[in-house]
Amino acid sequence: MSALVIGGTGTTGSRIVARLASMGVPARVASRTAGTSAADGPAVAGQERTYFDWYAPQSWDAALHGATSVYLVPPIGALDPAPVMVSFLERARDAGVRRAVLLGSSAISRGGEGLGRVMTEMPGLIETSVVLRPSWFMSNVLGAHIHAATIREQGEIVTATGNGRIAFVDPDDIAAVAVRALTGEPTVTGELVLTGPTALTWDEVAALLSERLGRPVTHRAVGVPQMATHLAERGVPVDFARLLAELDAGIAQGAEDRVTDVVERLTGREPRDFREFLSGYLPEASERCR
Ligand SMILES: NC(=O)c1ccc[n+]([C@@H]2O[C@H](COP(=O)([O-])OP(=O)(O)OC[C@H]3O[C@@H](n4cnc5c(N)ncnc54)[C@H](OP(=O)(O)O)[C@@H]3O)[C@@H](O)[C@H]2O)c1
């Protein structure tokens, strides 16, 4: 088999590419930057980069050439990705793709418009289709994410989730499940809601961060309009910021307060918890002082 990994430079995609490489499975990393920069070497030895843009359909055929499986990260920030994604899936089917694994979200169900329509149409287009529906990523406290930026700059996390709990999941666990789905071992189909082992409030995550970083990190609970403004001020398009803030309101009502056994069932090991995740990415305060 050969896999095309859309979003192969991103949070889950890069981890999938690394896992496929370690298994000796050929993978092609799809990126808008492929072929455009001096830093454009293979992301992982043996993996190939290909230019791909959801909004440049002329890039699709070359990216799909020879691929039998595709991992799909939707165009980031698109309110309605369905038209472009359904066209792409038709092209993928015609190019010989047999398995498609879509990165959805626990907050988005089949039906309606947007990604819900992609989820409805995918099984009729591709022989085997899998929708991964992860809860919120643990990695949102790292790197370029807005929560990570406010942790660094203000020592706080701002949300409209109140005391709502979220079963945060390690993106590496998402990648492990995605690789099972892409390689078809064991046979995986349908929709999979992926969570970590425990549902936590943001107050509890802030306490874990304080402990790990050796400095106070707090959670500031705000209302939905303030959250939308906060996100928009940090560069999220206004409509998308409002959507994300409304998802927070759902969390405050308990929408993400549940854990599933999907990661353990498909990988044979327990999902990583948040404390363990942080210890893998953030040096302990005492270590950073050395
Ligand atoms: N963060 C969470 O808590 C969470 C929870 C559940 C679901 N999700 C879902 O996870 C997905 C990924 O989110 P993320 O923030 O972690 O992003 P990410 O995977 O870190 O980065 C986005 C990826 O998409 C690619 N990309 C963006 N626009 C593209 C375009 N027009 N054409 C082709 N590729 C494009 C980027 O590649 P290049 O820049 O190299 O082109 C990059 O690899 C989103 O759909 C989100 O809804 C996130």
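Student: In which sense do strand β4 and strand β5 pair?

Tutor: This is a predicted model, in which strand β4 covers residues 69–72 and strand β5 covers residues 99–103. Four bridges join strands β4 and β5, and the sense of their pairing is parallel.

Student: Which residue of β5 is the bridge partner of Tyr-71?

Tutor: Two bridge partners in β5 can be named here. Val-70 has Ala-100 as its partner in β5. For Tyr-71, the bridge partner in β5 is Val-101.

Student: Which residues of β5 point the opposite way from Arg-99, Val-101 and Leu-103?

Tutor: In a regular strand, side chains alternate between the two faces of the sheet. In β5, Arg-99, Val-101 and Leu-103 point one way, and every residue on either side is buried. Five of the five residues of β5 are buried, so the strand is largely enclosed by the rest of the structure. The residues that point the other way are Ala-100 and Leu-102.

Student: Over how many bridges do β5 and β6 pair, and which residue of β6 is the bridge partner of Leu-102?

Tutor: β5 and β6 pair in the parallel sense over five bridges. The bridge partner of Leu-102 in β6 is Val-131.

Student: Are the residues of strand β6 buried or exposed?

Tutor: Strand β6 covers residues 128–134. Thr-128, Val-130, Leu-132 and Pro-134 point one way from β6, whereas Ser-129, Val-131 and Arg-133 point the other way. Seven of the seven residues count, so β6 is largely enclosed by the rest of the structure, and its residues are buried.

Student: Which strands are the edge strands of the open sheet?

Tutor: Seven strands form the open sheet, with parallel pairing, in the order β3-β2-β1-β4-β5-β6-β8. An edge strand here pairs on one side only, and this holds for β3 (48–51) and β8 (190–194). From one strand to the next, the twist averages 20°. The edge strands are therefore β3 and β8, each of which pairs on one side only.

Student: At about what angle to β1 does α1 run?

Tutor: Helix α1 comprises residues 11–23. The helix lies across β1 (3–6), β2 (27–31), β4 and β5. Relative to β1, α1 runs at about 155°.

Student: With which side chain does the side chain of Thr-12 make a polar contact?

Tutor: Thr-12 is placed in helix α1. Because its relative accessibility is 3%, Thr-12 counts as buried. Beyond its neighbours within four places in sequence, Thr-12 is in contact with several residues, including Val-73, Leu-103 and Phe-137. The polar contact, at 2.7 Å, is with the side chain of Tyr-71.

Student: Is Val-118 buried or exposed?

Tutor: Val-118 is found in helix α4, residues 115–125. Not counting residues up to four places away in sequence, Val-118 touches Ala-82, Met-85, Leu-89 and Leu-102. Because the relative accessible area of Val-118 is 0%, this residue is buried.

Student: How far apart in space are Val-118 and Leu-247, C-alpha to C-alpha?

Tutor: In sequence, Val-118 and Leu-247 are 129 residues apart. In space, their C-alpha to C-alpha distance is 20 Å.

Student: What are the distances of the polar contacts that join the side chain of His-219 to those of Thr-159 and Asp-203?

Tutor: His-219 lies in strand β9, residues 218–221. With a relative accessible area of 14%, His-219 is buried, because buried means under 20%. The side chains of His-219 and Thr-159 are joined by a polar contact of 2.7 Å, and those of His-219 and Asp-203 by one of 2.8 Å.

Student: Which residues come nearest to the ligand?

Tutor: There are 21 residues around the ligand. A polar side-chain atom of Thr-9 is 2.6 Å from an oxygen atom of the ligand, and an N or O atom in the side chain of Arg-32 is 2.7 Å from an oxygen atom of the ligand. Those that come nearest are Thr-9, Thr-11, Ser-31, Arg-32 and Asn-140.

Student: What part of the ligand's accessible area does the protein cover?

Tutor: A polar backbone atom of Gly-7 also lies 3.4 Å from an oxygen atom of the ligand. On its own, the ligand has 900 Å² of accessible area.

Technical notes. Residues are numbered from 1 along each chain as its sequence is written. This is a predicted model: local features need pLDDT of at least 70, side-chain atom pairs count only at pLDDT 80 or more; totals for chains, interfaces and linings use all residues. Side-chain values use heavy atoms; hydrogens and water are left out. Buried means under 20% relative accessible area, exposed over 50%, partly exposed in between (1.4 Å probe, protein chains only). A polar contact is a pair of N or O atoms within 3.5 Å; within protein, one must be able to donate a hydrogen and the other to accept it, and residues adjacent in sequence count only if both atoms are side-chain atoms. Contact means heavy atoms within 4.5 Å. Axes are lines fitted to C-alpha atoms, for helices over the stretch in contact, and angles run from 0 to 180 degrees between N-to-C directions. A residue is near a molecule or strand if one of its heavy atoms lies within 4 Å of it. Accessible areas come from the Shrake-Rupley method with a 1.4 Å probe; for residues, only the protein chains shown count as cover.
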